[in-house]
Amino acid sequence: MSLIDESFELREIQRLEGHTDRVWSLAWKPATGIGGVPAVLASCSGDKTVRIWEQSRLTGSFECKAVLEETHTRTVRSCAWSPSGKLLATGSFDATTAIWDKVGDDYECVSTLEGHENEVKSVSWNASGSLLATCGRDKSVWIWEVLPGNEFECVSVLQGHTQDVKMVQWHPSMDILCSCSYDNTIKVWAEDGDSDDWHCVQTINESSDGHSSTVWALSFNSSGDKMVTCSDDLTIKIWGADIMKMQSGDGIAPWKHICTLSGYHDRTIFSAHWSREGIIASGAADDAIRLFVPGEND
């Protein structure tokens, strides 16, 4: 049976309360919630804190296990776990990115990354956990290399966007980075094998079937051959690339427009995420969450 034949229902199973201001971002900790390991979730907020929630083995309810505070001085806009789940990165409007490690029962800030001129909007780890990307209101994307001893070195500052960069996201299996921006574009970045410099290998804009307004978010499917983006233009777009060509080392295959989903939200679409099961969830300013599955011919 395909996903299109199944019926779906979204049910609220618990409301997590504790933040005193808007919650901006959530991140599930890798390798939790499976194999008897309790699920762990991080949340970050305009109250300048990050909360760590863990599911009880007995009741199944989530409980706040830690509050990470007194490090960021403004809104914490984004959070992301490293692939191993050892480190948590948090990006803030105070222009810094904090790196947290669990030491005993407590989380400690083990590194603070500085360089952005103002608000950090998004943080993302690559598949191996060796690189961290950050982006911000200063129109730049920074790539940091993870060094021993919780040290981080900036290896590239990417300046291709002309407006606020809303989100960065690494490809799930390759060191290819995508960013989306207030300038209505999506940019694809890759490392030049000869010089180790990072450069833009593709810009997706309105003339290439891209969005006509701010692009707020992007997400890859689990195999990495498709990407979903969402925008202020009230559309969700699906993109595809020849992943086999890229994995064979035969160059960077361009992302091509597959389809546009419109008419499902009537206000800005702020978030779109592709689940491991192949379901796309979108969330918008119209207070609606919608689920999309592939059609019979997709």
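## Strand β2 and V40

V40 has its place in strand β2, residues 40-45. Strands here are DSSP runs of E, at least two residues long, and helices are runs of H or I, at least four residues long, with both kinds numbered from the N terminus. The model is predicted: local features need pLDDT of at least 70, side-chain atom pairs count only at pLDDT 80 or more, and totals for chains, interfaces and linings use all residues. Residues are numbered from 1 along each chain as its sequence is written, and side-chain values use heavy atoms, with hydrogens and water left out.

V40 is buried, at 8% relative accessible area. Buried means under 20%, exposed means over 50%, and partly exposed lies in between, using a 1.4 Å probe and protein chains only. Leaving aside neighbours within four places in sequence, V40 is in contact with A27, W28, K29, T32, I52, W53, E54 and W81. Contact means heavy atoms within 4.5 Å. C178 is 138 residues from V40 along the chain, and 26 Å separates their C-alpha atoms.

## Sheet β13 to β16

Four strands form an open sheet in the order β13-β14-β15-β16, with antiparallel pairing. Its edge strands are β13 (165-170) and β16 (198-204), each of which pairs on one side only. Neighbouring strands of this sheet are turned by 25° against each other on average, direction ignored. For such angles, axes are lines fitted to C-alpha atoms, for helices over the stretch in contact, and angles run from 0 to 180 degrees between N-to-C directions.

Strand β15 covers residues 186-191 and pairs with β16 in the antiparallel sense over six bridges. Two strands pair if DSSP finds at least two bridges between them. The bridge partner of K187 is T203, in β16.

## Sheet β17 to β20

Another open sheet of four strands runs in the order β17-β18-β19-β20, with antiparallel pairing. Here β17 and β20 are the edge strands, each pairing on one side only.

M227 stands opposite W239 in β19.

## Nonpolar cores

The largest nonpolar core has 31 residues, and I186, M227 and W255 have the most contacts inside it. Such a core is a set of buried Ala, Val, Leu, Ile, Met, Phe, Trp, Tyr and Cys residues joined through side-chain atoms within 4.5 Å. At least two residues of this core come from each of β14 (176-181), β15, β17, β18 (226-231), β19 (235-240), α1, β21 (269-274) and β22 (280-284). Strand β17 gives the most, with five residues.

M227 touches C178, I186, I204, L218, S219, F220, K237, I238, W239, W255 and W274, not counting residues up to four places away in sequence. A second, separate core has 15 residues, including A42, V50, C79 and Y107.

## Aromatic pairs

The count of aromatic pairs comes to nine. One of them is W142 with W144, stacked at 5.4 Å centre to centre with 20° between the planes. Rings of Phe, Tyr and Trp (its six-membered ring) pair if their centres lie within 6.5 Å; planes under 30 degrees apart count as stacked, over 60 as edge-to-face and the rest as tilted. W142 is buried at 14% relative accessibility. W144 is buried too, at 5%.

F220 and W255 form a tilted pair, 5.7 Å centre to centre with 50° between the planes. F220 lies in strand β17 (residues 215-220), and W255 lies in the loop between α1 (243-247) and β20 (256-262), so the pair ties together parts that are 35 residues apart in sequence. F220 is buried at 8% relative accessibility. W255 is buried at 5%.

## Cysteines

A disulfide is a covalent bond between the sulfur atoms of two cysteines. The rule applied here asks for a pair of cysteine sulfur atoms within 2.5 Å. By this rule the count is zero disulfides.

Take C109: its closest cysteine sulfur is in C79, and at 14 Å that is too far for a bond. C109 is partly exposed, at 30% relative accessibility. For C259, the closest cysteine sulfur is in C230, 14 Å away and too far for a bond. C259 is also partly exposed, with a relative accessible area of 28%.
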